[in-house]
Amino acid sequence: MQLQRSEIPGTPTKVMPSIVAGCINEHPMSGLLIRTVRNRATEWQVPWAIIYVETPEHYELSSEQKEDIIRTLSRAEQMGAQVYHTVSPSVIKGIQEFVEKNAVSDIFVGTSTKDMIPFNYFSVFQGLKKYSNLFTTHPVNLEWRSGVGDWRRLLEKIKSDYARIKWRSYIYSTAALLLATLLGEAAYQTAFTVTGHHMVYNVSLLFMLASIMNAFRYGLMPGLFSGFLSAIMINFFYLQPRFELHMRNSQDLVNLGLFIVATVMASRIGANSYRSIGLSKGREERIQTLYRLTKILVANRDPKELHSALVCELDNILETETYIFLAEVFTDTAGLAQIQASIQFSEDDVSALKYCWENREPSGIGTFRSSSSSYHFEPMVTSSGIIGVLSVKMQPHTRDDLSYIRFVSVLADQSAQALERVKLIAEMEEARVQQEREKLRSSLLSSVSHDLKTPLASIIGSLSALRHMEKTLSQEARATLLETALDEAERLNSFITNILNMTRLESGAVKLRKTWVEPDMLIADMLKRMQQRMANHEIIHLTLPGHFQVELDAALFELLFSNLVDNAAKYSPSGSKIIVSSGVENRANGPYWKFMVTDEGPGIDEKDRDRIFNKFTRLEKKDSQVAGTGLGLAICKAVAQAHGGDISVNTDENGKGSVFSATLGPGRYMENIMEPPTKKVAKG
C-alpha cells in the first residue's frame, strides 16, 4: 500500500515509498544513522531497511571496524530493520542496484561538512544526487561533536587506522621495486651499449608492471605507494642528471605526472579485478558447498544419522568446530551442564547459547549479546518454531567477516529445514504404519468373526446334538457328528496356526535353522503325511533323484509346501490331479531349486496374480465361500523371501488351472549326472 505525506504544511503531497533505507559504513556514529532512519520510518509508517555495501576498501578495514559493522547490522536487525549485505565495486553503484531491486524511494546516508561541497567526486552523498529521478537522498550529519570524549574517540580512530596498516605488504612492495630497479639498470645499460641511447621510457614500464603486480597481490594502497615510489626512483636513477631529484623541464614533469596517473589507474583497476576474482571464487565455493550439503540432506532420512552427517559436513565447510543443539538439550535440566562439561563451554558461551534459544536471535561473536563468547550461535527456526541452535567456533580470521556470519545463518536455515523434513517424514511413516496396523487389525477381526466363528459353530452344533440326542441317534449318525466336529476342530486349528505363523514371520521373531537337505525326499515325506487330507485328489510327484541339495529350514518349508498343496486342493474339483514337480534354475549367484504345484482349478486372472499374495486377499465371492483366512499364500511368500527366493503364479500350458512356482536357494549339485525325472503317484 502506498501512503502520502507532506513535509511542510501547504506543500503538495508526495507519494510515500514502500520502504526507506539507510546505508551504513564503518563510521563509529552509524548508530545515529540507524535511529534516524527508524524514526523517519515510524513517522511515515513504512518499513525500513539498513544496507551495507561491501567494496574492495572493506578489506582494508581493521578487525575492530569490521566487527563494529557486524554489530551495527545486528543491532539494526534487533530494532526491526530489514538488513541487506551486498557486494559492489563502489558504494554508489551498490545503492543504485539495491534501490532498483527493492523499489526504495528514500535513502539516508551519513555525511560530514566536506560531503556537502558540490562537485565533491569522493562524496557518496553528491554521487547519489544525480539519481534524484529514481530516489531521494537524505544526508545525516555524523561529524564529531566538540568535547573531550570526542577528541579521545578521534585519537583512538587515528590509532586504529595506524594499527591496521599492513607494513609487510609495503615492505614486499618496496622489495619488488628494488628488483625492478636492478632489471631496469641492466636494461638501461644494455640499451645504451646497443643503440647509444638511454631508453628511460622502456625502463619505466618495468616500474609500472611492478606497481600493478603489487596492487594485484597486496591491494590498492600498496599499489598506489608503489606508483609514487616508482616515480621518485625513475627521477632519481634514470632522468638526467642521474642520482638527483631534479626536473630538467616541464616535459619531464608532464611525463612523470602521466606515469603516476597511469600507474594509479592501473593499480586501482588491478586491485578491483583481483578482489572481484576473489569474491567470485568465494561465491562459487559457497554455491558448491550448499549443493554438496543439499545432497547430504536429501540422502539421509534417519534423524540421528542426519544430525551426525550435518555436524561432520559443517565442520568441513566452515573449517572449524560446529555443534547442533536440539530441543532436548534445553528441556533437560542437566543438558546444559553436560554440554559445559563435555565441550568446555565458558559461562559466556552457555549464557549466549541460552539467550539464542530463548529469544530466537543470534548471539555470541558478531552480535551485541555475549560478544565476549568464542562462539557464534544461530537459531534454527522453521515454520513450526525453533528446533535447535547451531554453534560455530569462530576463528581469528572469521570473527570480523560479515559474509562468513551471513553464510553461517544460511547454513543454519538449511539445516533446520532438513531436520524438520526428516522429522515430518518419520511422523508420516509412523502414521502410515499405524494406519496399516489398524487395517490389519480390522481385517483380522473380520476374518476371526467370520472364518473362525463358522467352525466353532459347527463344533458346538455337532457336540450339542450328541449330548441331547445321543439315545435317539443311530451309530452312523453319531459317527458322522463326531467326524464333523473333528474336521472343524482341525480346520480351526489350521486357521489359528496360519494367523500365528504370519504374525511371527512379519515380526521377525522367526530365526531360520537351515540345513542341507534333498528337497524331493522332504516333499515325499510330507505327501505321505497329507494322504488323508488329499483323499479326494490324485497327487503326482515328479522328482529329481538325489543329485541336488538346497539349504533351508525344514519346518518353514513344510509350512510353505502344505499351504500351496492345501490351496490347490481347495480350489480344484474332487477327483482332479495335483502335480508337484521339481527343477533347477541357473542364476548369476548359482543354481536355485524350483518346485511347482499345478492344479486343475478355475485359474487366476492375470490382474490378480500379484495381489493374491497379500494378506487377507479373497478374489471372488465364490472364493469367500471356501474355508480359509486369506493368509496361506501370504505365508508362502514370506517363507520364500526369508530363504532368498520368490514365488509366483501362472496358468498351465493348457490354459486351465494354476501353476504356483516357488524358488529357493542357492543350492548345490551332488553329482554331475542328471537323470530324467521319476514319476511317483500317490492316491488317497
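This is a predicted model: local features need pLDDT of at least 70, side-chain atom pairs count only at pLDDT 80 or more; totals for chains, interfaces and linings use all residues.
Let me start with the sheet: strand S8, residues 322-326, is joined to strand S11 by 5 bridges, and the two run antiparallel. Strands here are DSSP runs of E with at least two residues, helices are runs of H or I with at least four, both numbered from the N terminus, and two strands pair if DSSP finds at least two bridges between them. Residues are numbered from 1 along each chain as its sequence is written, and side-chain values use heavy atoms, with hydrogens and water left out.

Back to S11, where Leu390 is the bridge partner of Ile324. Strand S10, residues 375-382, is also antiparallel to S11, with 8 bridges joining them, and a hairpin of 2 residues leads from S10 to S11.

Why do we call S11 largely enclosed by the rest of the structure? The reason is that 8 of the 9 residues of S11, residues 385-393, are buried, where buried means under 20% relative accessible area, exposed means over 50%, and partly exposed lies in between, using a 1.4 Å probe and protein chains only.

As background, most residues other than glycine have a negative phi.

Now to helix H1, residues 30-44, which has 15 residues and reaches 21 Å from its first C-alpha to its last, close to the 21 Å expected at 1.5 Å a residue; the expected span is 1.5 Å times one less than the number of residues. Its buried residues are Ser30, Gly31, Leu33, Ile34, Val37, Ala41 and Trp44. They cover an arc of only 160 degrees around the axis, which puts them on the same side of H1, the arc being that of the directions from the helix axis to the C-beta atoms. Thr42 and Glu43, on the other side of H1, are exposed, and the helix is followed by Gln45, whose phi is positive, near 60 degrees.

Trp48, in strand S4, residues 48-54, is buried at 7% relative accessibility. Which residues does Trp48 contact, leaving aside its neighbours within four places in sequence? Counting heavy atoms within 4.5 Å as contact, the list includes Ile34, Val37, Arg38 and Ala41, and also Met79 and Gln82. The C-alpha atoms of Trp48 and Val37 are separated by 7.1 Å, and the two residues are 11 apart along the chain.

Turning to the aromatic residues, the structure holds 18 aromatic pairs. Rings of Phe, Tyr and Trp (its six-membered ring) pair if their centres lie within 6.5 Å, and planes under 30 degrees apart count as stacked, over 60 as edge-to-face and the rest as tilted. Phe557 and Phe595 have ring centres 5.6 Å apart and planes at 80 degrees, so the pair is edge-to-face. This pair links distant parts of the chain, with Phe557 in helix H17 (residues 554-570) and Phe595 in strand S16 (residues 590-598), 38 residues apart, and both Phe557 and Phe595 are buried. Elsewhere, ring pairs link Tyr323, Phe325, Phe345, Tyr375 and Phe377 into a cluster.

Arg587 is over Tyr592, at 4.6 Å from the ring centre, and Arg668 is over Trp516, at 3.9 Å from the ring centre.

Notes
A charge sits over a ring if NZ of Lys or CZ of Arg is within 6 Å of the ring centre and within 35 degrees of the ring normal.
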